[in-house]
Amino acid sequence: MWTHHLSPRFVETDALGHINNTVLPVWFEDARTPLFRLFTPDLDINNWHLIIAKIEVEFVGELFYGKDVEIRTYLTKLGNSSMVIAHEAWQEGRMGARGSAVMVHFDHDAKQSVTIPEPIRAQLSEHLRAL
């Protein structure tokens with residue numbers, strides 16, 4: 001599992017003082033950076049090999065400004081050319097949101113999915129967790 005710690009910014013709150021629902025997909029994407037580096041170590045967007053096919057966010061509790069958040073990231077499925085990445089947002093020992101992203105290893109020139117290389121697959125497998 002990868003973990004990412006962050007301090008919510010005031011601008012990320014809504015009128016009720018909660019973290020705005022639009023923020024979680026951004027936090028989850030930021031938490032995928034270690035995974036992105038497996039495919040593109042320097043994060044060069046001109047050499048990018050991943051696309052998003054689907055994202056989901058489920059709000060299961062409240063998240064607030066002024067309290068640090070831990071994003072936990074792991075894989076729940078590893079296919080030939082795609083993977084399902086799970087995220088959990090924790091604050092003060094309670095889960096506030098969870099979500100997932102389906103990402104596809106993609107050849108932008110050919111406009112098609114391609115097999116995840118075995119060395120990357122081996123590293124991804126270390127973060128595979130059954131639900």
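In the protein, 65% of the contacts with a separation of 6 or more are accounted for by residues 24 or more positions apart. The model is a predicted one. Its secondary structure consists of 3 helices and 6 strands, which follow the pattern β-α-α-β-β-β-β-β-α when read along the sequence. The radius of gyration is 16 Å, close to the 14 Å that the globule rule gives for 131 residues, so the protein is as compact as a globular protein of that length. The C-alpha trace spans about 45 × 30 × 25 Å along the principal axes of the protein.

Of the 131 residues in the protein, 37% are buried. Helix α1, which comprises residues 23–31, contributes V23, L24, W27, F28 and A31 to this buried set. These residues lie on the same side of α1, because they cover an arc of only 130° around the axis. The packing partners of the buried residues of α1 include one helix, α2 (33–39). They also include the strands β1 (2–6), β2 (50–59), β3 (69–78), β4 (82–91) and β5 (94–107).

The accessible surface of the protein amounts to about 7,500 Å². Carbon and sulfur atoms hold 52% of this surface.

Note on methods:
Residues are numbered from 1 along each chain as its sequence is written. This is a predicted model: local features need pLDDT of at least 70, side-chain atom pairs count only at pLDDT 80 or more; totals for chains, interfaces and linings use all residues. Side-chain values use heavy atoms; hydrogens and water are left out. Buried means under 20% relative accessible area, exposed over 50%, partly exposed in between (1.4 Å probe, protein chains only). Helices (H or I, at least four residues) and strands (E, at least two) are DSSP runs, numbered from the N terminus. The arc is that of the directions from the helix axis to the C-beta atoms. Contact means heavy atoms within 4.5 Å. The radius of gyration is taken over C-alpha atoms; the globule rule is 2.2 Å times the number of residues to the power 0.38. Accessible areas come from the Shrake-Rupley method with a 1.4 Å probe; for residues, only the protein chains shown count as cover.
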